Amino acid sequence: MAEIQAISPVLRPEAEYLPFAVAALDERLAGGGLASAALHEFAGQTASMGDDAAASLFAAGIASRASTADILWIMARPDLFAPGLASAGIVSGQNPPHSHDFAIW
């Protein structure tokens, strides 16, 4: 982490942060959570479908909780599972707070 902080301005005082409310996780993140208006990458521990699905669901849950606008989802393979995204709170075409339009690249 120190190497990353040395080359990148990780903590931006003007940014808002989304905490996880899990001390062991939040205390390791600059600002006590994920920075808003920032690019974040999520990946499974291995390239297996199970790990990939877990990482996708984790990211979808965060996006649903944090986003008040559209969500841009960039993926390497076309394997999004709409019912899984819906279980995380991302359902396109519903009324707020869980209404998001998708751009999939």
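Guide: Welcome! A polar contact is a pair of N or O atoms within 3.5 Å; within protein, one atom must be able to donate a hydrogen and the other to accept it, and residues adjacent in sequence count only if both atoms are side-chain atoms. The model is predicted, so local features need pLDDT of at least 70 and side-chain atom pairs count only at pLDDT 80 or more, while totals for chains, interfaces and linings use all residues. Residues are numbered from 1 along each chain as its sequence is written, and side-chain values use heavy atoms, with hydrogens and water left out.

Visitor: Which side chain is joined to that of Ser48 by a polar contact?

Guide: Begin with where Ser48 sits: it lies in the loop between strand E2 (34-35) and helix H3 (49-66). Helices (H or I, at least four residues) and strands (E, at least two) are DSSP runs, numbered from the N terminus. Across 3.1 Å, the side chain of Ser48 makes a polar contact with that of Thr46.

Visitor: Is Ser48 buried, exposed or partly exposed?

Guide: Buried means under 20% relative accessible area and exposed over 50%, with partly exposed in between (1.4 Å probe, protein chains only). Ser48 has a relative accessible area of 33%, so it counts as partly exposed.

Visitor: What is the order of helices and strands along the sequence?

Guide: The protein has four helices and four strands. Read along the sequence, they follow the pattern α-β-α-β-α-β-α-β.

Visitor: How many aromatic pairs does a search of the whole structure find?

Guide: Rings of Phe, Tyr and Trp (its six-membered ring) pair if their centres lie within 6.5 Å; planes under 30 degrees apart count as stacked, over 60 as edge-to-face and the rest as tilted. With that rule, the number of aromatic pairs in the whole structure is two.

Visitor: How far apart in sequence are the parts tied together by Phe20 and Phe58?

Guide: The ring centres of Phe20 and Phe58 are 5.9 Å apart and the planes meet at 5°, so this pair is stacked. Phe20 lies in the loop between strand E1 (17-18) and helix H2 (23-26), while Phe58 is in helix H3, so the pair ties together parts whose distance in sequence is 38 residues.

Visitor: Which ring forms an edge-to-face pair with Phe58?

Guide: Phe58 is partly exposed, at 41% relative accessible area. Its edge-to-face partner has a centre 5.5 Å away and a plane at 70°, and that ring belongs to Phe42.

Visitor: Which residues do ring pairs link into a cluster?

Guide: Phe20 is buried, at 17% relative accessible area, and Phe42 is partly exposed, at 31%. Ring pairs link these residues and one more into a cluster of Phe20, Phe42 and Phe58.

Visitor: Which backbone nitrogen does the side chain of Asp26 reach?

Guide: Asp26 is found in helix H2 and is buried, with a relative accessible area of 12%. Leaving out residues up to four places away in sequence, Asp26 touches Pro19, Phe20, Ala21, Gly32 and Gly33 (contact means heavy atoms within 4.5 Å). At 2.8 Å, its side chain reaches the backbone nitrogen of Phe20.

Visitor: What is the phi of Ala21 near?

Guide: Most residues other than glycine have a negative phi. Ala21, in the loop between E1 and H2, is exposed, with a relative accessible area of 72%. This residue has a positive phi, near 65°.

Visitor: Which element gives the most to the lining of the largest pocket?

Guide: On a 1 Å grid over the protein atoms alone, a pocket is an open set of points where a 1.4 Å probe fits, with protein on both sides within 12 Å along at least five of seven lines; lining residues have an atom within 4 Å of a point. The largest pocket is lined by 33 residues, and His40, Phe42, Ala59, Leu72 and Trp73 lie nearest its centre. Two or more lining residues come from each of E1, E2, H3 and strand E3 (71-73). The most, seven residues, come from H3.
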